[in-house]
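Have the sequence and the 3D view open as you read.

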Amino acid sequence: MSYSVGQVAGFAGVTVRTLHHYDDIGLLAPGGRSHAGHRRYSDADLDRLQQILFYRELGFPLDEVAALLDDPAADPRAHLRRQHELLTARIEKLQKMAAAVEQAMEARSMGINLTPEEKFEVFGDFDPDQYEEEVQERWGDTDAYRQSREKTASYTKEDWQRIQDEADELTRRFVALMEAGEPADSEGAMDAAEDHRQGIARNHYDCGYEMHTCLGEMYVSDERFTRNIDAAKPGLAAYMRDAILANAVRHTP
């Protein structure tokens with residue numbers, strides 16, 4: 001049985017443009033073509049795509065993914081064992097990290113210098129105080145939390161409006177990239193992720209690539225963040241997470 005590029009994109013949750021890109025670079029060449037010349041993917045192609053997406057999720061660049069999958073000494077079970085080991089290591093690392101949640105931390109500090117009327121004017125119907133107790137309990141003793149409190153203590157309404165405007169503009173950039181079919185590991189998406197990281201560091205707390213990656217993971221693991229981000233466009237939270245991860249890999253020796 002064979003599948004069209006649109007069907008495969010739907011199965012895998014990727015864009016058609018991503019599949020075309022994988023074909024162009026020789027990472028995933030479809031096993032056949034229709035009479036009209038359209039790509040047709042076999043079950044074996046789907047298996048390879050699954051392996052590609054596993055490794056991409058783990059942060060491997062595309063050239064390394066190709067080298068791993070094309071290694072004649074490796075078999076599918078070896079790939080699965082390797083992926084299981086890498087996933088387990090990532091889970092343990094994330095569990096040990098005191099991951100500072102960007103939006104929750106901002107929420108605690110947003111109300112410091114704003115009246116209720118000003119908060120509504122800047123943030124709309126989002127109530128930044130609703131996470132205060134949770135933030136205090138989960139991250140009150142972290143350096144990032146203390147740094148954010150110190151940095152934002154003197155922020156005015158105009159400062160918060162500027163920060164919100166920057167966030168809105170960045171959201172529009174990510175949405176435009178998605179709608180243009182740009183993969184999350186494209187230069188444009190990674191550049192947007194880097195601007196996102198630098199904005200956090202500039203306005204709130206030191207945000208290295210490891211911290212930024214954890215924030216990206218929280219965007220999809222916490223349904224509150226996913227729901228809030230995906231309000232701009234369904235799938236945006238996962239797209240941002242993937243772009244953040246790709247950008248971290250790009251900047252990590």
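How much accessible surface does the protein chain have, and what share of it belongs to carbon and sulfur atoms? The surface comes to about 13,400 Å², and carbon and sulfur atoms hold 51% of it; areas here come from the Shrake-Rupley method with a 1.4 Å probe, and for residues only the protein chains shown count as cover. Keep in mind that this is a predicted model, where local features need pLDDT of at least 70, side-chain atom pairs count only at pLDDT 80 or more, and totals for chains, interfaces and linings use all residues. Residues are numbered from 1 along each chain as its sequence is written, and side-chain values use heavy atoms, with hydrogens and water left out.

Now the overall layout. The protein chain has 14 helices and three strands, taken as DSSP runs numbered from the N terminus (helices are H or I with at least four residues, strands are E with at least two). Of its 253 residues, 41% are buried, meaning under 20% relative accessible area, with exposed over 50% and partly exposed in between (1.4 Å probe, protein chains only). Among contacts (heavy atoms within 4.5 Å) with a separation of 6 or more, 64% link residues 24 or more positions apart.

As background, an α-helix has 3.6 residues a turn, so residues three or four places apart point the same way.

On to the rings, where the structure has two aromatic pairs. Rings of Phe, Tyr and Trp (its six-membered ring) pair if their centres lie within 6.5 Å; planes under 30 degrees apart count as stacked, over 60 as edge-to-face and the rest as tilted. Tyr3 and Phe11 have ring centres 5.5 Å apart and planes at 80°, so they pair edge-to-face. Tyr3 is buried at 11% relative accessibility, whereas Phe11 is exposed at 52%.

Phe174 and Tyr239 also pair edge-to-face, at 6.4 Å centre to centre and 85° between the planes. Phe174 sits in helix H10 (residues 157-179) and Tyr239 in helix H14 (residues 236-251), so this pair ties together parts 65 residues apart in sequence. Phe174 is buried at 1% relative accessible area, and Tyr239 is buried at 10%. Helix H10 also holds Leu177, which is buried at 15%. Leu177 and Tyr239 are 62 residues apart in sequence and 9.7 Å apart in space, C-alpha to C-alpha. Leaving aside residues up to four places away in sequence, Leu177 touches Glu182, Gly188, Ala189, Ala192 and Tyr239.

Last stop: His212, in helix H12 (residues 209-221), is buried at 1% relative accessible area. A polar contact of 2.8 Å joins its side chain to that of His196; the term covers a pair of N or O atoms within 3.5 Å, where within protein one must be able to donate a hydrogen and the other to accept it, and residues adjacent in sequence count only if both atoms are side-chain atoms.
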